[in-house]
Amino acid sequence: MSLKVTNLSCARGGLPLLEGVSFALDPGQALVLRGPNGCGKTTALRTIAGLQPALAGQIDSPPDTIAYAGHADGLKTTLSVTENLAFWAAIYGTRAIDHALDRMNLRALAERAAQNLSAGQKRRLGLARLMVTGRPVWVLDEPTVSLDAASVALFADVVRGHLASGGMALMATHIDLGLPEARVLELGPYKARLPEPSGAFDEAFL
Ligand SMILES: Nc1ncnc2c1ncn2[C@@H]1O[C@H](COP(=O)(O)OP(=O)(O)OP(=O)(O)O)[C@@H](O)[C@H]1O
């Protein structure tokens with residue numbers, strides 16, 4: 001299986017942002033999307049994850065293969081770390097959570113309610129969630145926000161393990177993840193052209 005994106009155009013709030021984005025990810029590969037604030041990285045990831053429709057183009061991946069982690073950690077605040085992971089494992093029809101607890105360094109926090117975790121700990125739990133999905137394509141938006149240097153390295157190790165077992169990762173980030181094997185796609189050249197103003201009225205707004 002692979003993820004293939006062909007000539008993707010996407011928009012946010014009705015405004016076209018990107019057009020003609022194409023790439024393919026095969027098992028074991030990672031791709032980092034880069035570009036300035038507001039260029040459309042989040043929008044592209046949301047579109048590829050199926051959270052919003054594309055304006056044009058094609059996204060080919062077998063059904064139920066993508067696990068998405070956006071800016072929000074998506075935690076159940078009153079559930080403990082263990083309960084959160086067990087919840088997500090049940091949602092995705094998997095069972096094992098021990099691996100995720102250990103790899104994201106959450107064992108000592110296992111019984112703490114998610115609402116009482118620090119920002120970085122919450123982020124580690126949000127990322128551990130990916131590990132219990134059993135899904136091969138990880139789509140990650142700024143995955144290292146709030147993480148300290150040690151946790152960024154931990155995260156890079158987890159992604160590397162995922163790739164080694166045939167997984168794929170598509171990520172938007174502004175920092176160096178310490179994953180030299182990841183390809184980089186600069187989104188600057190794919191900025192959508194604004195429509196030609198059709199008159200003085202349109203011109204005033206474009
Ligand atoms: N809900 C929304 N409605 C309208 N416009 C939006 C909405 N969300 C984002 N935008 C706009 O869409 C554009 C692209 O936003 P997006 O979040 O995809 O950029 P980004 O490249 O991920 O930025 P960053 O690096 O800051 O995270 C921005 O100009 C933003 O202001």
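How far is the sulfur of Cys10 from the closest cysteine sulfur? The sulfur of Cys10 lies 9.5 Å from that of Cys39, too far for a bond. This is a predicted model, where local features need pLDDT of at least 70, side-chain atom pairs count only at pLDDT 80 or more, and totals for chains, interfaces and linings use all residues. Residues are numbered from 1 along each chain as its sequence is written, and side-chain values use heavy atoms, with hydrogens and water left out.

A disulfide is a covalent bond between the sulfur atoms of two cysteines. Here, the term requires a pair of cysteine sulfur atoms within 2.5 Å. The structure holds zero disulfides. Cys10 is buried, at 0% relative accessibility. Cys39 is buried too, at 17%. Buried means under 20% relative accessible area, with a 1.4 Å probe and protein chains only.

Now turn to the ligand. Cys39 is one of the residues around the ligand. Others include Arg12, Pro36, Thr42 and His174. The shell divides into three nonpolar, seven polar and two charged residues. Cys counts as nonpolar, and Gly as polar. Helix α1, residues 41-48, gives the most to this shell, with three residues. Helices are DSSP runs (H or I) of at least four residues, numbered from the N terminus.

Which atoms make polar contacts, meaning N or O pairs within 3.5 Å? A ligand oxygen is 2.8 Å from a polar backbone atom of Gly38. For Gly40, again at the backbone, the distance is 2.9 Å. Lys41 uses an N or O atom of its side chain, 2.7 Å from a ligand oxygen. The protein covers 58% of the 650 Å² of accessible area that the ligand has on its own, by the Shrake-Rupley method with a 1.4 Å probe.

Key: Near = heavy atom within 4 Å. Polar contact = N/O pair within 3.5 Å; in protein donor to acceptor, adjacent residues only side chain to side chain. Helix = DSSP H or I, 4+ residues; strand = E, 2+ residues; numbered from the N terminus. Buried < 20%, exposed > 50% of the residue type's maximum accessible area, 1.4 Å probe, protein only.
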